[in-house]
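Trainee: I am new to this structure and would like to learn how to read it. Could you walk me through the strands and then the domains?

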Amino acid sequence: MNRFVVHGVFWDGPAALGETADGGSPAIALQAQRDSSGAALHAMALEPGTSLGFRVLPGQKYCLGHVLVYSAIKREHVLCPDGAQAVRGYQCQRCFVADNARLIHDFHRGGRVPPGLRDYLMAQHWLYVATFANGDSKVGTASHPRKWNRLAEQGAVVARYIARADDGRVVRLLEDMVTRDVGLAQQVRAVTKTAALTSPQPAGDLKRRNAASVRAAQAVLMTTAITGFDVVDETWVRPRQAAVLCAPGNRLRYPQPLDAGTHGFTVASLSGSQALVRVAGAEVDFVVDLGALKGRLVELGNFTTEVPSLQEALF
Ligand SMILES: [Zn+2]
């Protein structure tokens, strides 16, 4: 059967070298149904021009497995041994319990972690301030090996690294401090990012918003008693695949929910898991969050998206 559980959009490839360069080799990861032994994730590249056609099978979301962390650079994504449906987020109970990644957020508050995860957390991390298309900013952290990729996956429009920390404990202490003292959130919801990308603010405005948040955060970093980090000021390079979607333009929110129905479109631009897509016969482009397909069972094929008349889409 041509059926797959969608694991989401990943940017695991090498960083973009400049804003006119592609980076990250974005792909949507698909797991063949009933193919739960071994590493059976298929990556479908999401370069601009990629056509996607699929039908979303109705029903609950499926478990996406769990992560085992062996060291600072070695981890394994274990597919769900039971092919189970998800009961907690994107996991079944068994995978939730087995998952190492969920312990990361307890570590800097004194939680105990397995040796491999400890090795990962004791390696160098980066603190960043990312700004999204509506001007909302967040503070966040990235491990050194995923310094660039983490921000590509987040779909940042503008971002700067503001500290290089000795380990994952220090970086999370800094992150919490910036949230507390500057008021920067640690999360921007996917639906907010989608809505923002239907009418992105001008690039200059977003750069100014980001710079203001960076200055406020750096002022806090300069005066803290926390040790084990250096203040830095380094620009994150946005990949070319995101340029069109992040620039102001004529587009609408995708007209159908992704939890059911048939869909068919061509990807024109991609930022994180958000795509600017063209639907045959439609007069405008649409912004769709492909991340909303996570955990869904889809059947690939020559399917199409039903587009209401423009008037209906607008009102
Ligand atoms: Zn599972």
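Trainee: How many bridges pair β1 with strand β15, and in which sense?

Mentor: Two strands pair if DSSP finds at least two bridges between them. Strands themselves are DSSP runs (E, at least two residues), numbered from the N terminus. Here β1 and β15 (residues 297–300) pair over three bridges in the antiparallel sense. Within that pairing, Val-5 sits opposite Leu-297 of β15. Keep in mind that this is a predicted model, where local features need pLDDT of at least 70, side-chain atom pairs count only at pLDDT 80 or more, and totals for chains, interfaces and linings use all residues. Residues are numbered from 1 along each chain as its sequence is written, and side-chain values use heavy atoms, leaving out hydrogens and water.

Trainee: Which strand is joined to β1 by six bridges?

Mentor: That is β2 (residues 27–32), and the two run antiparallel. Phe-4 stands opposite Ala-32 of β2. In turn, β2 is joined to β3 by five bridges, again antiparallel, and Ala-29 has Ala-43 in β3 as its bridge partner.

Trainee: Why is β1 largely enclosed by the rest of the structure?

Mentor: Buried means under 20% relative accessible area (1.4 Å probe, protein chains only). Six of the eight residues of β1 (residues 3–10) are buried, so the strand is largely enclosed by the rest of the structure.

Trainee: What is the order of the strands in the open sheet?

Mentor: The nine strands follow the order β3-β2-β1-β15-β4-β12-β13-β14-β11, with mixed pairing. At the edges stand β3 (41–45) and β11 (251–253); each has a single partner strand, so one side of each lacks a neighbour in the sheet.

Trainee: Now the domains: what does the domain assignment give?

Mentor: Domain bounds come from an automatic or database domain assignment. For this protein chain, domain 1 is 3–109 + 244–314 and domain 2 is 121–241. Their centres, taken over C-alpha atoms, are 23 Å apart.

Trainee: How much area is buried between domain 1 and domain 2?

Mentor: Buried area is the accessible area (1.4 Å probe) that two parts lose on being put together, summed over both. Between these domains it is about 2900 Å², with 60% from carbon and sulfur atoms. Trp-11, His-108 and Cys-246 supply 22% of the area that domain 1 buries against domain 2, more than any other three residues.

Trainee: And how many salt bridges are there between domain 1 and domain 2?

Mentor: A salt bridge is a side-chain nitrogen of Lys or Arg within 4 Å of a carboxyl oxygen of Asp or Glu. The count between the two domains is two.

Conventions:
Buried means under 20% relative accessible area, exposed over 50%, partly exposed in between (1.4 Å probe, protein chains only). Helices (H or I, at least four residues) and strands (E, at least two) are DSSP runs, numbered from the N terminus.
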